Structures are given as C-alpha cells and as structure tokens.
Amino acid sequence: MHDDDGQVARLHTAIDITRALDGHLICVDVTPSPVYAGNANGGFGDPILLNDERESEARNRARMKERVAGANISWSWEDATGDFAQCVIDAANLADLIVLNRALDDYPLLDMRTIASRVLMHARNPIVAVPEEVESFNAKGRAIIAWDGHESAAATMRACVPLLQLASDVEIFMVRDGAENTEPEEAAAYLARHGIHATVKIVDDGLHHTDALIENAARQWHADYILMGAYSHGRLMEAFGGVTKGMLSNCKLPLVIGH
C-alpha cells in the first residue's frame, strides 16, 4: 500500500483474488526510510523525508483501510518503514502470492519495474504483477501458461494450482527453442491430476521475440491473465532476462510470475 498511481489496481486485484480463493489479505503500508542531508559543517541535518509525505500516507491509510474493510474479506494491515522491495520481501515469508504493479512509468518516486524484479528474485512467492489501468482480476476467467519447460515455470504453476482450479479454461503455450527440460504435455498431465483440464499449443517461430509471441497468443485466446516462470540466463540479476523484462514492461494483462 502506497499512495501512487498503481495502488488502486493492486488493491482491486488483491481483493478479487482473496475473495475468489477465500483467503486472507495482508496490506503492507510502506513508508520510505528518512534520507539525511549534509549540513554546512559537514555533519548530518534533519531528515528530509517531508512531513507532506507522512501526512499524505496517513490520509491514504485511512482511505484504504475503509475500502478494504468494506470488501467483505479477511484482512490485516502492517506498517513498515524502509526500502520498498525489502519491506515486501520481509512481509511475504508466510504469504502465497504478492501483488505488485508491473510498471509505473510516469510516477517519479516508485520504480515499480525494478521493485517487482527485486521481489521476484529474492522472494519465494509468485508475484501477481498488474498494469496500473487494471480494474479487476478475473480468477474464474481464462488462464494462459507461458511454458518454457524449466523449473521456474513448473514451480510457479505448482504454487498456483488453487488459482488455476478456478479458471474456466487453461492453455499451456510454448515457444519451442530446443532447450526445454519438461514438455508441455507433462505439465498438462500434472494439472489433470489436480482436476484442471489444460490444452497445449506449441509454436516454432525463430523470427519474433518470445514475449511478443506470448502476448499475441494471450490476446488471440482472450486470456484474462498470464502465468509464467521468470526467464533468465546465467546468474540471476536484479533485472531478469529479455522475455521477463519485456513482459513486465509491456504486457497489458496481469502476470502471475515466479522463479
């Protein structure tokens, strides 16, 4: 929870998922740590975290608590001060999903793409990364699984079985590149053992970027959200590989993503 352009999208998504799964929503209200400025004598002056920021957050807290209280779900509220990503990671030890924005390009304070990447790398929970213009999350709609045959995709899919069980339709979509460890038909068989019938679609396309192919497949299939593992190469960095970065930057649908 933070008073920025993506907060409403995060909250609506979190409430919809919590209600659909009969879960519990933890709202983590993050206030950034004070920043100190040097004074003329070379020492440190007063914190320059402006009172306006604290007052704005206090007003936002009151508004958001009222909104969550009226959502008819189980919820709790935690206040945290510090680095945004680390506060979320610390609070997520006993969480199943983390809801963040995929990007906030026009907001000067929060670099949400970097925050999402850091949380994705360090937390052991799938992230639901939503565009700021999203108004709801249709848990009972169509889910497309972007399958690359690697452990990150398998781990994310396994963790999200309760969510996928709610979907009206599930498609496993793979862009074949020859590096798959697990075939999509095996993933479909796993889901079937959990009562989820999934269709499989495989494309061979060496001309287009994988993230563009995933987005196009989701659009043509009228998916409501995309589930995927984090695509990365070599040692995990703060920013993931091109496919993950492209999806976080450009995708118009909610992403459920993990590693």
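A residue is called buried when its relative accessible area is under 20%, exposed when that area is over 50%, and partly exposed in between, using a 1.4 Å probe and protein chains only. By this definition His222, with a relative accessible area of 59%, is exposed. The structure described here is a predicted model, in which local features need pLDDT of at least 70 and side-chain atom pairs count only at pLDDT 80 or more, while totals for chains, interfaces and linings use all residues. Residues are numbered from 1 along each chain as its sequence is written, and side-chain values use heavy atoms, with hydrogens and water left out.

**The sheet**

Helices (H or I, at least four residues) and strands (E, at least two) are taken as DSSP runs and numbered from the N terminus, and two strands are said to pair if DSSP finds at least two bridges between them. In general, strands of a sheet pair through backbone hydrogen bonds, either parallel or antiparallel. In this model, 7 strands form an open sheet with mixed pairing, in the order β5-β6-β11-β10-β7-β8-β9. Its edge strands are β5 (98–101) and β9 (198–203), each of which pairs on one side only. From one strand to the next, the twist averages 25°; here and below, axes are lines fitted to C-alpha atoms, for helices over the stretch in contact, and angles run from 0 to 180 degrees between N-to-C directions.

Within this sheet, strand β10 (residues 225–229) is largely enclosed by the rest of the structure, because 5 of its 5 residues are buried. Tyr225, Leu227 and Gly229 lie on one side of β10, Ile226 and Met228 lie on the other, and all of them are buried, so that both faces are covered. Strand β7 (residues 142–146) runs parallel to β10 and is joined to β10 by 4 bridges. Strand β11 (residues 255–258) also pairs with β10 in the parallel sense, over 4 bridges. The table lists some of the bridge partners.

| Residue | Bridge partner |
|---|---|
| Ala143 | Tyr225 in β10 |
| Ile144 | Ile226 in β10 |
| Leu227 | Val256 in β11 |

**Helices against the sheet**

Contact means heavy atoms within 4.5 Å. Helix α5 (residues 151–159) has several buried residues, namely Ser152, Ala153, Ala154, Thr156 and Met157, and what covers them includes β7, α6 (161–164), α7 (184–192), β10 and β11. What does Thr156 touch, leaving aside its neighbours within four places in sequence? Thr156 is in contact with Pro126, Leu227, Met228, Gly229, Val256, Ile257, Gly258 and His259, and at 2% relative accessibility Thr156 counts as buried.

In the loop between β7 and α5 sits Trp147, which is buried, with a relative accessible area of 3%. The C-alpha atoms of Trp147 and Phe173 are separated by 5.7 Å, although these two residues are 26 residues apart along the chain. Another helix, α8, lies across β7, β8 (169–175) and β10, and runs at about 155° to β8.

**The pair of helices α8 and α9**

Helix α8 (residues 210–220) packs against helix α9 (residues 242–250) at an angle of about 45°, with their axes 8 Å apart. This angle makes α8 oblique to α9, since angles under 35 degrees count as roughly parallel, over 145 as roughly antiparallel, 65 to 115 as roughly perpendicular and the rest as oblique. The contact is made by Thr210, Asp211, Ile214 and Glu215 of α8 together with Val243, Gly246, Met247 and Asn250 of α9. These residues divide into 3 nonpolar, 3 polar and 2 charged, where Ala, Val, Leu, Ile, Met, Phe, Trp, Tyr, Cys and Pro count as nonpolar, Asp, Glu, Lys and Arg as charged, and the others, Gly among them, as polar.

**Two loop residues with positive phi**

Most residues other than glycine have a negative phi. In Asn72, a residue other than glycine, phi has a positive value near 60°. Asn72 lies in the loop between α2 (51–69) and β4 (74–81) and is exposed, with a relative accessible area of 73%. His222, likewise a residue other than glycine, has a positive phi near 60°, and its place is in the loop between α8 and β10.
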